[in-house]
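User: Hi! Could you walk me through what holds the ligand here?
Analyst: Happy to, let's take a look together.

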Amino acid sequence: MERLHKILARHGVASRREAERWIRDGRVSVNDNIVREPGASADEQRDAIAVDGQPLPRRLPPRVLMLHKPVGFLCTSRKNRERGATIFDLLPTDRRYFSVGRLDRNTSGLLLVTDDGDFALRLTHPRYGTRKTYLVETDVPLTERDIRRLVDGVELEDGPARAEEASLTTPRRLRLVLSEGRKRQVRRMTAAVGARVIRLHRTRMGSLSLGALPSGQWRELTADEVRHLMKEKRRGMEEDHHVSGG
Ligand code: URA
C-alpha cells in the first residue's frame, strides 16, 4: 500500500500537491469508489485507480543505462557545461537522463543513469544502502593496520565512516566496498589513514558489474537487470520498515 497522491505523482499525471487537490476535489477513484481523504492509500498492483474516470496510464519501466565513465567528465547537469565536459556528452540525446549518485570528475567506472528522476533519487537514498566496489590506487603503501581501521571506522568531518570490506591487492592498491555514498567519501577515508588517492575506479554497484564495457561507452540494462535493481531497492525499504517499526 502507498499513499494515493504519491502513486499519482509517480505516474507523472500530477505533482504530489496537485494530486492531493484532485483527491480532495473527488476526482480520484479506487476500485470505482471516489476517495476524498488526502491521506488515503492504495495498492497500485491490485487496485484500479482512476482520475476523472480515466484509468492511470500503465507505468513504463524506467530506462536505465550503465556508463563506463572516463576520468575528466563531470556528473553535473548540462547547465554547468562551462565547467567542462559532462557525462551527458557521452549519452544518447533521445531523452533527459538523471545520474544515480555521482562520481567525482577524476573518478572512472560504473555509473548508472536513468530517464526516471524519481527512480534515480530512490536508488541513491541512504536507506537503500547499495554496495559499491571501488579500486583505489594510493600515493604511499598502506598496511593491514590501515585496512583494519577502514573497516572499524574512521572519523570524517561529517561523522564516522566505515568500509563494508577492505583489502589490499598490492600495498598501493586497495579494494574497498562501501554501502554509503557521501561526497568524496573514498578520498576522505583514504586521507584519514594517511594516503592520497592517485586513481579511483568503481567496478560494481549492487548486483551490477562494469564487466568489459569500454571506457566512454554505455549499454542499456536488460529488463531482468532493472527488475533485479528494483527488487534490491524494495528489500532495502522492507528492512528499513522492519527496523523503524520494531
Ligand atoms: N568516493 C569518492 O571519493 N569519489 C567518488 O567519485 C566516489 C566515491
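**Around the ligand**

Analyst: A polar side-chain atom of Thr107 is 2.8 Å away from an oxygen atom of the ligand, a polar contact being a pair of N or O atoms within 3.5 Å. This is a predicted model, where local features need pLDDT of at least 70, side-chain atom pairs count only at pLDDT 80 or more, and totals for chains, interfaces and linings use all residues. Residues are numbered from 1 along each chain as its sequence is written, and side-chain values use heavy atoms, leaving out hydrogens and water.

User: Which atom of the ligand does Val186 reach with a backbone N or O atom?
Analyst: A nitrogen atom, at 3.1 Å.

User: And how far is the polar backbone atom of Gln185 from an oxygen atom of the ligand?
Analyst: That distance is 3.3 Å for Gln185.

User: Which residues surround the ligand?
Analyst: Among them are Leu103, Asp104, Tyr134, Arg184, Arg187 and Leu200, counting residues with a heavy atom within 4 Å of the ligand.

User: Switching topic, which domains does the shell draw on?
Analyst: Domain 2 (64-126 + 209-244) and domain 3 (131-205) each give at least three residues; the bounds come from an automatic or database domain assignment.

Notes
Polar contact = N/O pair within 3.5 Å; in protein donor to acceptor, adjacent residues only side chain to side chain.
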